[in-house]
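Open the model in your viewer and keep the selection tool at hand.

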Amino acid sequence: MTPRMRELPFLSVIVPAYQGGKVLPLSLGALARSDLPRSCWELIVVDDASTDDTAAIAARYADGVVRLPGKPHGPAYARNRGFEAARGAVAVFIDADVCVRPDTLRRFAWLFAEDSALGAVFGSYCDAPPAPGFISQYRNLMHHYVHHQNPGPAETFWAGCGAIRSSVFVECGMYDEWHYVRPQIEDIELGQRIRAHGHSILLRPEIQGTHLKQWTIKNVIVTDLHDRGVPWMRLIVEQGDKGNTSVLNVKAIEKINTALIWLSVLGLLVSVVTFDLRWAAASLLLILPVIYTNRRMYAFFARVRGAWFSLRVVPVHLLYYFLNGISALWGVFLHHAVGEPKPPAYVQAFAEVGVETWPPIPSKTPRGPWQQPVTPSRVRGEGRET
């Protein structure tokens with residue numbers, strides 16, 4: 001039995017956008033086609049200092065457009081500014097290059113109406129990414145595959161297509177705009193805090209969006225190293241100094257596979273130096289267990305894109321494990337040599353003396369009207385029709 005319309009929480013859909021002129025007509029158009037009545041949700045687009053027509057396009061669809069001047073501040077900061085302008089009981093975060101399905105918002109609303117204890121929920125990408133090219137298809141389908149392996153209770157969060165109860169978002173301190181000034185692992189880190197506060201997170205892969213991003217091998221490497229692998233490792237080491245890191249740690253088999261690939265690379269280097277083919281043979285043998293443990297993933301690619309596509313996935317996926325090793329080593333080095341990531345010096349200085357500026361200086365704590373405890377009178381739409 002589905003909840004009645006008047007029982008659904010009011011949703012605030014927040015879309016951070018930077019140079020979104022090409023994708024916003026598609027993603028905001030998809031939101032406009034949602035089958036959840038428009039009276040049940042609002043749309044807020046945050047223009048993060050774009051120099052194109054992002055704000056003008058957003059104004060055609062959104063109930064409110066927040067324009068941030070100056071230089072881009074990153075999605076963590078932009079999402080927080082959008083939330084401060086929101087009035088919903090649930091904040092839905094959709095990336096500017098993600099096109100939701102007509103039932104996406106309705107499914108989010110139903111889940112929060114059915115479970116009053118639910119803290120957050122997120123979906124997945126669909127299995128039909130439109131961006132052409134092998135790398136784009138591989139990368140977007142990989143994300144789809146991973147999210148479909150472990151539906152149900154989750155230990156992290158994803159902001160590409162996810163929703164958080166507003167009171168939980170405030171309680172947990174919102175996105176960490178202090179440390180993450182570019183698209184990195186700000187949603188993963190937020191998920192870690194949500195779980196640390198005792199709130200549940202659900203992965204519901206049937207809630208889907210289509211990712212429009214075009215990938216190249218260059219931005220795959222940059223993303224896996226600079227934006228995900230190294231920040232994740234630094235966060236694991238930092239949290240390890242303070243307590244439990246179980247929420248952030250990857251599975252043991254992934255660590256083993258990373259070690260095997262690195263041993264294989266070292267074996268190949270020894271073979272080149274010594275002209276001993278036995279080292280090369282041993283290196284190839286070390287790769288076989290990695291391929292075997294990922295056989296279901298390769299079968300998925302073969303099923304949706306064919307055998308030749310799946311064969312080409314293998315070396316690119318082995319590169320992923322090689323990059324994991326670099327991320328781990330570099331992340332540990334940076335933690336001990338530099339310490340935890342810090343914002344620019346001017347941000348720290350302004351924050352310490354409490355200077356009020358616009359746009360606001362990135363903060364470690366919530367600001368604005370949401371800084372106060374959330375009460376039923378201040379959260380619109382919880383349990384009633386709007």
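**Stop 1: the whole chain**

Show everything as a cartoon. This is a predicted model. The protein chain holds 13 helices and nine strands. Its radius of gyration is 22 Å, close to the 21 Å that the globule rule gives for 386 residues, so the chain is as compact as a globular protein of that length. Turn the view along the principal axes: the C-alpha trace spans about 75 × 50 × 40 Å.

The accessible surface comes to about 18100 Å². Carbon and sulfur atoms account for 61% of that area. How many of the 386 residues count as buried? The share is 52%.

**Stop 2: the second largest pocket**

Rolling a probe the size of a water molecule over the atoms shows where empty space is left. Here, go to the second largest pocket, with a volume of about 580 Å³. Select Asp 176, Trp 178, His 179, Tyr 180 and Pro 341: of the 31 lining residues, these are the closest to the pocket centre.

Next, colour α7 (186-196), α8 (217-242) and α12 (307-337), the elements that give two or more residues to the lining. Which of the elements gives the most to this lining? It is α8, with eight residues.

Then colour the lining by class. You will find 15 nonpolar, six polar and 10 charged residues.

**Stop 3: two backbone angles**

Most residues other than glycine have a negative phi, and most peptide bonds are trans.

Select Ala 49. Look for it in the loop between β2 (41-48) and α2 (54-61). Is Ala 49 buried or exposed? Its relative accessible area is 11%, and buried means under 20%, so Ala 49 is buried.

Move on to Met 174. This residue lies in the loop between α6 (166-171) and α7.

Terms used:
Residues are numbered from 1 along each chain as its sequence is written. This is a predicted model: local features need pLDDT of at least 70, side-chain atom pairs count only at pLDDT 80 or more; totals for chains, interfaces and linings use all residues. Side-chain values use heavy atoms; hydrogens and water are left out. On a 1 Å grid over the protein atoms alone, a cavity is a set of points where a 1.4 Å probe fits but cannot get out, and a pocket is an open set with protein on both sides within 12 Å along at least five of seven lines; lining residues have an atom within 4 Å of a point. Grid points are joined across faces, edges and corners, and a volume is the space filled by probe spheres set on the points. Helices (H or I, at least four residues) and strands (E, at least two) are DSSP runs, numbered from the N terminus. Ala, Val, Leu, Ile, Met, Phe, Trp, Tyr, Cys and Pro count as nonpolar, Asp, Glu, Lys and Arg as charged, and the others, Gly among them, as polar. The radius of gyration is taken over C-alpha atoms; the globule rule is 2.2 Å times the number of residues to the power 0.38. Buried means under 20% relative accessible area, exposed over 50%, partly exposed in between (1.4 Å probe, protein chains only). Accessible areas come from the Shrake-Rupley method with a 1.4 Å probe; for residues, only the protein chains shown count as cover.
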